[in-house]
Amino acid sequence: MKVAVTFVALAGVASAFTPSQNAPRGTALSVNLQDLPGATMPVKGFDPLGLATLGSESTLAWFRAAELKHSRVAMLATTGYLVQAAGVHFPGMLSSDVSFESLSAMKPFDAWDAVPDLGKAQIYFTIFFAELVTETQGTHYTKGGDMPTIVFPPVNFAPSDPEKMKIQQSRELNNGRLAMIAIMSFVAAANVPGSVPLLIGNPMF
């Protein structure tokens, strides 16, 4: 449970590296999609389904916030899976009858199954609370407000230079996209034997 709570807290810290950008209200797009953070090579402007132009700028802001949140969660999930697979763990006991050491000897998904229901409930509540806070602070991002952030503690490493800020935003999004592919591969390898050739034979899948 401590691991998951730590990850949720770190998700907030990660948000400090990508300062939020405003999304003006409107019924039609007035922004150049190629100028948005994350529109970089080798797949600059990759959007085969045309989702970016599906609705108004409010719709685009919702998509951008969803991608940003999923990117951060995926980066934490990928890191957590690798840390668990490496056997790194907190000292002490997770509950009265489950130690962190015993969980570290299991495959990551088996370790999750071994977490007591009360511990899982605490994790779910922490995630829900973090989501609630980010969605209710100030003007909503679909109405021109800042992208959702939650930071514990409130530390901001973002540069003041707009160009450097955009570079950091693009790096976070691109790393997050790769992490989403990575964690989906981990899930597939753990549940469908042979589905990810590079992970065949790995004892953690």
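Predicted model: local features only at pLDDT ≥ 70, side-chain atom pairs only at ≥ 80, totals over all residues.
Leu 132 has a relative accessibility of 42%, so Leu 132 counts as partly exposed. The class called partly exposed lies between under 20% for buried and over 50% for exposed.

## Lys 120, a buried lysine

Helix H5 also holds Lys 120. Lys 120 is buried, yet Lys 120 has no salt bridge. The nearest side chain of opposite charge is that of Asp 117, at 4.4 Å. A salt bridge here requires a side-chain nitrogen of Lys or Arg within 4 Å of a carboxyl oxygen of Asp or Glu.

Leaving aside residues up to four places away in sequence, Lys 120 is in contact with Trp 112, Asp 113 and Val 115.

## Lys 107, a lysine in a loop

Lys 107 sits in the loop that links helix H3 (100-104) to helix H4 (108-114). Its relative accessibility is 34%, and Lys 107 therefore counts as partly exposed.

Lys 107 and Ala 85 are 22 residues apart along the chain, and their C-alpha atoms are 6.6 Å from each other. Lys 107 also touches Gln 84, Pro 203, Met 204 and Phe 205, where residues up to four places away in sequence are not counted.

Definitions and conventions
Residues numbered from 1 in each chain as written. Heavy atoms only, no water. Buried < 20%, exposed > 50% of the residue type's maximum accessible area, 1.4 Å probe, protein only. Helix = DSSP H or I, 4+ residues; strand = E, 2+ residues; numbered from the N terminus. Lys, Arg positive; Asp, Glu negative; His and termini not counted. Contact = heavy atoms within 4.5 Å.
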